[in-house]
Amino acid sequence: MFVPSVTHPIGDFVRDLVPRVAEYLPASIQSDALNSVIAFLINAVICIIAVCIVNIGSAPILIYMERKVCAHVQCRLGPMRLGWHGTIQTIADVIKMLFKEVYAPSGADKLMFYLAPLIVLIAPFIVCALIPFDKNLVVADVSMGIPLIIAVNGFGVLGILLGGWSSNNKYSLLGALRSGAQMISYEISFAMILLFVVMISGSTNLMSITMGQEGTIFDWWIFKIPVLGFIAFILFFISSTAEMNRAPFDIAEAEQELTGGYHTEYNGTPFAMFYLAEYIALITNSALATTCFLGGFFPPCIGIDAVDNVLKMVPGVVWFFAKIYFMVWCYMMVRWTFVRPRVDQLMDFEWKFLLPVNLVLLIAGAAFIAIGL
Amino acid sequence: MSHQLPPGFRLERKSNTEEFFINMGPQHPSTHGALRLTLRMDGETIVELVPHFGYIHRGMEKQAESMSYLQYIAMSDRQDYLTAIQNNLGVVIALEKGMNVGVPLRGEYIRVMLQELGRIASHLVFYGCFGGDLGGQTCLLFGFKEREMIHDMLEEVTGSRLTTNFFRPGGSRYDVPDTFIPRVKAFLDHMEDTMKDYERFLSKNIIVLERSIGIGVLSKEDAIAYGCSGPVLRASGVNFDVRRANPYSIYDQFDFDVPVFHNGDCYDRYQIRIAEIHQSLKILRQCVEKFPEGPWRSKEKPVRLPVGRYYSEIETAKGLYATYVVAATTGEKPYRIHTRGPSFPHIAALNKMVQGHKISDLVTIMATLDPVIPEIDR
Amino acid sequence: MQKKISTLQYIKRYLKRCITGPWSLICGLSVTLKYFFNPKRIVTEQYPENRKTLKMHERFRGRLEMIEDEEGNNHCTACGMCERACPNASINVLATKNIAGKKVLGRYVYHFASCTQCGLCVEACPFGAIQMSPAFEVATTDPNDLEMILNKKEGQG
C-alpha cells in the first residue's frame, strides 16, 4: 500500500499528509516507525472510504436499475414519480426502511438474530478490497488473491444459516437449510472455475490476471482460449448466481413457497442489511467476472490505431464500471426470465452436471496450454 | 412437535423420525385465495395434507333464499370472480329451463363469444400464476397484460370489468356495441402472436419440464372418483367436456377439438389449458365470421319460475359448474339455489396428489389445479 | 415416482438434455430481450397525468345518479321498483304528498357505501329516471359523503 516509488496522485497526497500529521504529535516519539504507522492509518481510512463509496454508493443505483430492468422486461414502466423517471425512489425506500421498528420475535436467539446480517456483509466487502479497479487502484494487492476470495465466500453461508436458525420459525429454518446446502455445493463449482482462470493466466494475483489481458479485445480470457473461455464464463455466471442466492437459485428466500425464507422475521435495518448484502455481492461478483474474464480495466481495443487511441483516452476505472454494469444487467435479465428449480434438482444440477463439466473443462484447459498457447 | 394436533390428522405412532407440522396459512402468496393447508412434513417431504376452508364464506346460498332470481345473478359474479361472465350463464340457463324461454340466434352468439373470452381470461390467469408460483414473476405480468384487453372488451359490452351481471333469461341485458366485433378481431390477431411468445417462454423450458413432468399424478380412476372436471379431468385421460357431452347454448354448431392428455401430471394440466386457449380462439374466429343480425333478447318477461326443480351445467374454465334451482312457490324468489363449484373436488384430491412430494411441488400442483377459493366457500 | 432406466438410456438422456436444456433457456431469454428492447409494447398508463384524455366506456357502471335538468325536473314517480330491485338495500325512496295529494318523490336516499354497482336498479326503473354515471374517482375520507341524496328538489314530480 505505502509504496514510496510509485508516483500517483493519491500516493503523493498521502506522502504530503504524513509529515504534517506527524507535526501534531509529541516530538519524543517522532521516528520512521511513527511515519509508517501514520501512513498506514491514513491509507486505511482512504481505502475504507473508497470501498464503502463503491459498494454502498452503488446499492441505490442497483436497486433502481433492478426495478427498471424488471419493469421493462414486463412491458411496464417501473418507478416514474419521485425524481426524473423515479431516480430518487430508492432513497425514499431506504429512508422508510431505516425508520421501521426493529424487534426480534419472541423465542428468537437475540444475539444470533442481530449478528446474522452483519456477518453476511463481511464477504463482499473483503472481496471488493482485492479487486483492481485500475492500474494503481487496488486496496489489497495480495499474492494469493483467488484462494482468499474462495475462502471468504463461506461467510455468506454462515450468516444465512444463523439468520434462519435464530428466527424461531419453521419457514426460516427450511430456507436456511436449503441455502446452506446450495451455497456449499456451488462453492465447489465456483472454486473450480477460478482455478481454471488461475491455470490459464498463471497467477493467483488478481492484478497479474488482469495484466495478462492487456492488448485488444481478443486478448481477454474469455476470447483468448477459443471455446473454453466462453464456456468457463457461462459456468462462472451460473455458479456466482447460485452463490449470491439470486434467482433462479433463490430457493432460500423463495417468496412463493416460503414467504421469505431466512429473512421472514427481519424488518427495518437488519432487513436492509440483508438486502444491501445481496446487492453488494452482485457488484463484487460482477467485478470478479470482469477481472477474470472481461479484461478488467482495459478498453476493448480492436487493433485499429485511430479507434484505439480514442478508446484509451477514457480512464480505466470508467471501463471497469461500464463492464460491471453490463454484467449486472446480465444477472438481472437472467433473474427476471427463468423459473426456479426445485431444491433437489438444484443439487442434481450441481453435482451431476456442473462438477463433471468443470472437471472436463480443467482437463481441456490443461491440454490446450500444454499443446501450445 | 406440539401435542395439539390440527383437526383432521391421524397420527401414527410408529415412526422414529420426528415429523413436524407446517401451516400454509390463510395468508400466503401462493394459495389461490384464503385457504389454510396444514401439512405434516418429514424434512422437506409432505406426508399428509389437510385443507381447511371457510375463510371467505359469505353465505351466498342462504342469501339466495331471500333474494330474487335477478339479484342472485348479480351475486353469482362473485363466486368464481376470474370468469364472472361464465357464472352468470350457469344461473341463467337454469332459469330459462324454468321459464321455458328460448334465446334468439344473435343472443346465443353473444353468449358463446363472451364465454370463450372469459375462458381465455381465466386460462391467462392460470398461465400467470403457474409461472409466478414457479418463481418467474415475469409470467405473472405477462398473463395479466393480455387479460387487460379482455377486460376492456367486457367493460365496453357489460359495463364492468369483473362483476359483469350481463346475461338475463332470454338473452342478455344489452346488445353488443358496434365496436365489439372489430375489437375482437384485433384481439384475436394480437393473441395469436403473443401466444407464440408465451409458449416459447415456458413450454419447453427445461426447468419447467423438470418441475412439472411426473409431479402430482392424478390417475384416471382417482379423477373420476373425486369428481374432478374440466382441464384436471381431461389431463388424466377422461374425454368429458360438457360442451360435447351435454351441449348447451349453440356449442354443437361450432367446430372445435377437446384436447385430452393421458399422464395426469402437472405438465399435462399446463399443456391442456394452453391448448384450450387455442381452441377458444378458434371458436371466436368462427363466431366473428358468422355473427348474425337480429334481436339479442326474446321478449322481456318478469322472472317468475313455476314450482319445480331446475338444473343446468356448463363448462367453465375451471370445470363443471352446475346450478340447481328449487322453486317451491311460483314467484320471484327461489326456495333454494345450490351451486356446484368445480374447485372443491380438486382441493379434495390434493392430498392424494401431493403425498411424497416436496413443498415446492405442492405449490406447482396447486397452481396447475387452478382453484378459486371463493367458489368453494361461496 | 421414478422408474429404473438402463445406463445407456441415462447417458443418452443426459446428453440430449445438455443440448435441449440450454437451447430452451436461450429461447426464454429471447422473449425477454425482445420485450426489453421494445418500448412500444409498454402498456402502463400514467394515471393522474392522463386524466384529460381518459374517457370511460359509456356503459361503465360508476355511481348512481338521477337524470335531472337544471331546474331539478326528473322522471321519478317514487314507485319504489329500484328499492325492491337492489340486492342489498342501498336505495331508500322516501315519498311525500304534493299539494294536490299525489304521491311524489320526497328524498331519494342512496347509500353509496353499500352499493355494489350492479345496475339492477337502472334496469328495474320503468321511467328511466336513474342511470349509472361514469364517475369513478369517488374515494373520500368522510363516510358521511357516502350517504347521498340524489334529487335536487324535494317534493316535485
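This is a predicted model: local features need pLDDT of at least 70, side-chain atom pairs count only at pLDDT 80 or more; totals for chains, interfaces and linings use all residues.
**View 1. Chain A is built from helices.** Welcome to chain A, whose secondary structure comes to 16 helices and zero strands. Along its principal axes, the C-alpha trace of chain A spans about 65 × 60 × 40 Å. How does the radius of gyration of chain A fit that of a compact globule? A compact globule with 373 residues would have a value near 21 Å, and chain A, with 22 Å, agrees with this.

**View 2. Helices H11 and H16 of chain A cross at roughly 150°.** Here we look at helix H11 of chain A, residues 228–243, beside helix H16 of chain A, residues 343–372. Their axes come within 11 Å of each other. An angle over 145 degrees counts as roughly antiparallel, and H11(A) and H16(A) are therefore roughly antiparallel to each other. The crossing in which H11(A) passes H16(A) is left-handed. On the H11(A) side, the contact is made by Leu228(A), Ile231(A), Ala232(A), Leu235(A) and Ile238(A). Facing them from H16(A) are Leu354(A), Val357(A), Asn358(A), Leu361(A), Ala364(A), Gly365(A) and Phe368(A). Sorted by class, the residues of this contact of H11(A) with H16(A) are ten nonpolar and two polar, with no charged ones.

**View 3. Helices H13 and H15 of chain A pack at an angle of about 115°.** The pair shown here is helix H13 of chain A, residues 269–293, and helix H15 of chain A, residues 316–335. Their axes are 9 Å apart, and the crossing of H13(A) and H15(A) is right-handed. From H13(A), look for Leu282(A), Ile283(A), Ser286(A), Ala287(A), Ala289(A) and Thr290(A). H15(A) contributes Phe320(A), Lys323(A), Ile324(A), Met327(A), Val328(A) and Tyr331(A) to the contact. How many residues of the contact of H13(A) with H15(A) are nonpolar, polar and charged? There are nine nonpolar, two polar and one charged.

**View 4. Chain A meets chain B.** At this meeting place, 22 residues of chain A are in contact with 25 residues of chain B. On the chain A side, the elements that give two or more residues are helix H8 (170–201), helix H12 (255–258) and H16. Which of the elements gives the most to the side of chain A that touches chain B? H12(A) does, with three residues. The side of chain A that touches chain B has eleven nonpolar, five polar and six charged residues.

View 5. The secondary structure of chain B comes to 15 helices and eight strands. The C-alpha atoms of chain B fill a box of roughly 70 × 50 × 35 Å, taken along the principal axes. For 378 residues, a compact globule would have a radius of gyration near 21 Å, and the 21 Å of chain B agrees with that.

**View 6. Chain C is divided into two stretches, domain 1 and domain 2.** Domain 1 of chain C covers 7–41, and domain 2 covers 56–149. Taken over C-alpha atoms, the centres of domain 1 and domain 2 of chain C are separated by 58 Å. Chain C has three helices and five strands, and from the N terminus on its elements run α-β-α-β-β-α-β-β. Its C-alpha atoms fill a box of roughly 100 × 40 × 30 Å along the principal axes. The radius of gyration of chain C is 30 Å, whereas a compact globule of 157 residues would have one near 15 Å.

Key:
Residues are numbered from 1 along each chain as its sequence is written. Chains are lettered from A and ligands numbered from 1 in the order in which they are written. Domain bounds come from an automatic or database domain assignment. Axes are lines fitted to C-alpha atoms, for helices over the stretch in contact, and angles run from 0 to 180 degrees between N-to-C directions. Helices (H or I, at least four residues) and strands (E, at least two) are DSSP runs, numbered from the N terminus. Angles under 35 degrees count as roughly parallel, over 145 as roughly antiparallel, 65 to 115 as roughly perpendicular and the rest as oblique. A crossing is left-handed if the near helix is turned anticlockwise from the far one by less than a right angle, and right-handed if clockwise. Two residues are in contact if their C-beta atoms, placed from the backbone, lie within 7 Å. Ala, Val, Leu, Ile, Met, Phe, Trp, Tyr, Cys and Pro count as nonpolar, Asp, Glu, Lys and Arg as charged, and the others, Gly among them, as polar. The radius of gyration is taken over C-alpha atoms; the globule rule is 2.2 Å times the number of residues to the power 0.38.
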